[in-house]
Amino acid sequence: MVLGASICSATTSEQPLSFRLFSSILQEHEGNVVFSPAGVEAILTSLKKYSAGQTLDELNALNIPGAKTHFNISVQQADGLFVSEKLALKPTVTDAVKINFENSAHAADTINTWCTERTNGLINQLVQASDFSSLTAFVATNAIYMKSDWLYPFRENESFTGSFTTADGKKSSVKMMSNTAKYPVARGKDWVAIALPYKATQNTGEHCYFVAICPMGDARKFATTLTGEKYSNILTTLSQESARVQLIMPRFTLEGDTLNLNDALKAAGLTKIFTRADFSGLLAESRDDIFLKAVLQKCYVKVDETGTEAAAATAAIAQFRSMPRTISLNRPFIWMITDLSGNSTPLFMGIYEQP
């Protein structure tokens, strides 16, 4: 899991939102995957704040966890809102940055710079110029960054080159870290789990761990079918059992591609917002020609002998439908005088080609 997603509170037999999204992502992408549930939940919470009517009902139906977990390590989060300079906002919206999305290159650079500054330089290209146009209404963003040391750091002189069996059964040589300490551990009939504690940097908050669950069989299948109840049971067992063990694990760095989360969110039940959305909580005037174009996310995680550094940037892009706000009859056009039923013969019709 990345950045302490709030799925650990789920106790039902159904998959929590985080795992439903993760399951869809795993079905779409092969190989290593890095995903921030907390980043997506933060974006959806922002959209709820701006929504009304059917859109708000649809977001509420997702059962987005409300309160954010406060950890005893430093986790930096930031929210941003970039709105078309053409739009009037409600007086209560005071934190928005007005932007000219017609200058798409500048818009992309502005948002990417925001992400870079709030992820300590780890996420520097979340969006591209092609994501924006004169029809872009607004972009909601979220950034998460953490860098924490292990409570029991690995000794670099004990690291070695070892063998890792990949999902297709092949052997691969990787740099392995080794450490012996008292860790929370748990074992089930088809899995083994361990929790690596991070060193606390704050006096209050929940203890934070890097939780690794290693299935006996297909890890991808295990993840896509993992229920909230089973996951909760794994965490409960980890919290109750500790043992002094030798832990061997790979040192790794993952920089994922930018994920388009539209399909994952649709599979989770968020569908109508992608065709018609009510963001009247944000806009001063009521609009029925707006929809959510895309939810994008890019993540980075580095796990080594000293600890973990991770970052995520997420963006929700809202757009107007392609009907332009200005129609200019500045070239030849056909005209007619009639009703709109289609059953009447036009009283007059013609073509206008020159003034």
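Me: At what angle do helix 2 and helix 3 pack, and how far apart are their axes?

Reply: In this predicted model, helix 2 and helix 3 pack at an angle of about 150°, and their axes lie 9 Å apart.

Me: Why are helix 2 and helix 3 called roughly antiparallel?

Reply: Angles over 145 degrees count as roughly antiparallel. The angle here is about 150°, and therefore helix 2 and helix 3 are roughly antiparallel to each other. The crossing of helix 2 past helix 3 is left-handed.

Me: Which residues of helix 2 meet helix 3?

Reply: Leu44, Leu47 and Lys48 of helix 2 meet Leu56, Leu59 and Asn60 of helix 3. Contact here means heavy atoms within 4.5 Å. As a general point, residues three or four places apart in an α-helix point the same way, because there are 3.6 residues a turn.

Me: How does the reach of helix 2 compare with the span expected at 1.5 Å a residue?

Reply: Helix 2 covers residues 37–50 and reaches 20 Å from its first C-alpha to its last, which is close to the expected 20 Å.

Me: Why is Asn63 called exposed?

Reply: The cut-off for exposed is over 50% relative accessible area. Asn63 has 61%, and so Asn63 is exposed. This residue lies in the loop between helix 3 (53–60) and strand 1 (75–84).

Me: What makes Asn120 exposed rather than partly exposed?

Reply: The relative accessible area of Asn120 is 51%. Exposed requires over 50%, and Asn120 is therefore exposed. Asn120 sits in the loop between helix 4 (104–118) and strand 3 (136–149), and its phi, too, is near 55°.

Me: Are Cys115 and Cys299 buried or exposed, and why?

Reply: Buried means under 20% relative accessible area. Cys115 has 0% and is therefore buried. Cys299 has 1%, so Cys299 also counts as buried.

Me: How many disulfides does a search of the whole structure find?

Reply: The search finds zero disulfides. A disulfide would require a pair of cysteine sulfur atoms within 2.5 Å.

Terms used:
Residues are numbered from 1 along each chain as its sequence is written. This is a predicted model: local features need pLDDT of at least 70, side-chain atom pairs count only at pLDDT 80 or more; totals for chains, interfaces and linings use all residues. Side-chain values use heavy atoms; hydrogens and water are left out. Helices (H or I, at least four residues) and strands (E, at least two) are DSSP runs, numbered from the N terminus. Buried means under 20% relative accessible area, exposed over 50%, partly exposed in between (1.4 Å probe, protein chains only). The expected span of a helix is 1.5 Å times one less than its number of residues. Axes are lines fitted to C-alpha atoms, for helices over the stretch in contact, and angles run from 0 to 180 degrees between N-to-C directions. Angles under 35 degrees count as roughly parallel, over 145 as roughly antiparallel, 65 to 115 as roughly perpendicular and the rest as oblique. A crossing is left-handed if the near helix is turned anticlockwise from the far one by less than a right angle, and right-handed if clockwise.
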